[in-house]
Amino acid sequence: MTTLTLGKAMNTGLRKAMENDPKVLVMGEDVGKLGGVFRITDGLQKDFGEERVIDTPLAESGIVGTAIGLALRGYRPVVEIQFDGFVFPAADQIITQLAKMRMRSLGALSLPVVVRIPCGGGIGAVEHHSESPEAYFTHTAGLRVVSCSNPVDAYSMIQQAIASPDPVIFFEPKRRYWDKAEVDTESTDWTPLHAAKVVRPGEHVTVLAYGPSVKTCLEAAAAAAEEGRSVEVIDLRSLNPLDIDTVTASVDRTGRCVVVHEAPVFNGYGAELAARITERCFYRLEAPVLRVGGFSTPYPPSRVEEQYLPDLDRILDAVDRTFAW
């Protein structure tokens with residue numbers, strides 16, 4: 001067991017994948033000599049060379065377009081989008097090409113491309129650096145979309161994503177890059193990439209989260225326990241495909257559900273979760289599925305981002321409201 005930050009676990013997982021398969025490439029803005037803005041690719045260019053760890057121009061559409069061409073030639077490119085808000089210039093390549101190629105070729109062509117996107121707020125950044133664009137990509141058929149929340153999952157999930165025959169959008173919670181945990185870097189006994197995890201068992205209400213919100217929900221569950229309420233927290237991990245069976249098994253048992261994410265609530269990913277749960281657990285629900293998330297505004301300046309992001313108090317308030325029915 002080795003103590004790793006989430007960022008270092010990502011780095012170690014990337015390194016393992018590159019050691020195991022010479023067709024794995026890393027490319028993006030400043031990923032080489034600098035090692036990435038968050039140092040996730042630190043040391044990789046030194047050890048694997050400039051032909052496998054490629055510093056690209058500042059052109060996200062060109063980066064993803066080049067990765068598509070490389071994948072068609074048998075490589076497994078891992079693309080870094082430096083910040084979440086920078087992915088939109090590449091949306092055309094991702095949505096109209098990367099996601100569609102397998103269907104367009106009737107399964108003859110596969111594009112094993114991983115698009116890494118540091119996501120979410122909480123780091124006091126400027127505009128375009130704290131977005132949560134997951135709903136755009138979960139809505140796009142043909143893409144797998146996952147989000148890690150801790151070092152253990154970061155280490156295993158990045159390797160599983162790289163091994164996937166389909167394109168994977170890989171969201172990394174940037175404000176959790178420095179969180180630490182014990183990681184077994186010798187084991188390959190991993191939770192499947194698209195399986196959810198019950199990270200805190202409970203009896204009275206189910207709280208669903210992913211990425212940066214998982215830790216906040218665990219803190220809220222600990223606070224609720226002091227008031228005698230047993231909160232079950234599920235880390236979804238995979239947004240598309242969704243492990244709906246794990247989710248509904250929990251809600252069938254608790255009868256209540258709160259969904260938490262940083263993205264705006266309106267038309268956010270939580271809306272799909274609420275609809276699915278209502279369809280499958282209607283006769284078990286004791287209250288409506290409630291959602292806690294960002295507001296329908298552009299992400300605010302860093303001085304007031306704490307008012308925008310879901311916090312312990314807003315999550316506990318939603319938990320309390322589920323018991324008012």
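How do the residues of the lining of the largest pocket divide into nonpolar, polar and charged? I counted 11 nonpolar, seven polar and four charged. Here Ala, Val, Leu, Ile, Met, Phe, Trp, Tyr, Cys and Pro count as nonpolar, Asp, Glu, Lys and Arg as charged, and the others, Gly among them, as polar.

Ground rules for myself. This is a predicted model, where local features need pLDDT of at least 70 and side-chain atom pairs count only at pLDDT 80 or more, while totals for chains, interfaces and linings use all residues. Residues are numbered from 1 along each chain as its sequence is written, and side-chain values use heavy atoms, leaving out hydrogens and water.

**Pockets**

I looked up the largest pocket and found about 400 Å³ of space in it. It has 22 lining residues, and E131, S132, P133, Y136 and P264 are the closest to its centre. A pocket, on a 1 Å grid over the protein atoms alone, is an open set of points where a 1.4 Å probe fits, with protein on both sides within 12 Å along at least five of seven lines; a cavity is a set the probe cannot get out of, and lining residues have an atom within 4 Å of a point. Grid points are joined across faces, edges and corners, and a volume is the space filled by probe spheres set on the points.

Helix α6 (134-138) and strand β13 (257-264) each give at least two residues to that lining. I take helices (H or I, at least four residues) and strands (E, at least two) as DSSP runs, numbered from the N terminus.

Next came the second largest pocket, with about 240 Å³ of space. Its lining includes A135, T138, H139, Y269 and R276. Which element gives the most to this lining? That is α10, with four residues. By class I noted five nonpolar, five polar and two charged residues.

**Cavity**

I found one cavity of 30 Å³ or more. About 80 Å³ of space lies in the largest cavity, and among the residues lining it are C119, S132, F171, Y210 and H261.

**Cores**

The largest nonpolar core has 43 residues, of which I94, F137, I169, L208, L236 and I277 touch the most other members. A nonpolar core is a set of buried Ala, Val, Leu, Ile, Met, Phe, Trp, Tyr and Cys residues joined through side-chain atoms within 4.5 Å; buried means under 20% relative accessible area, exposed over 50%, and partly exposed in between (1.4 Å probe, protein chains only).

I followed L208: not counting residues up to four places away in sequence, it touches I234, L236, V247, C257, V258, V259, V260, L273 and I277. Contact means heavy atoms within 4.5 Å. A second, separate core of 31 residues includes L4, A17, Y177 and L193.

**Strand β11**

Is β11 (residues 231-235) mostly covered or uncovered? Mostly covered, as five of its five residues are buried. V231, V233 and D235 lie on one side, E232 and I234 on the other.

Strand β9 (residues 197-200) runs antiparallel to β11 through three bridges, with K197 opposite D235. Strand β10 (residues 205-209) runs parallel to β11 through five bridges, with V205 opposite V231. Two strands pair if DSSP finds at least two bridges between them.

**L316**

Last entry: L316 sits in helix α12 (residues 312-322). Why does L316 count as buried? Because its relative accessibility is 15%. Leaving aside neighbours within four places in sequence, L316 is in contact with A220, A223 and A224.
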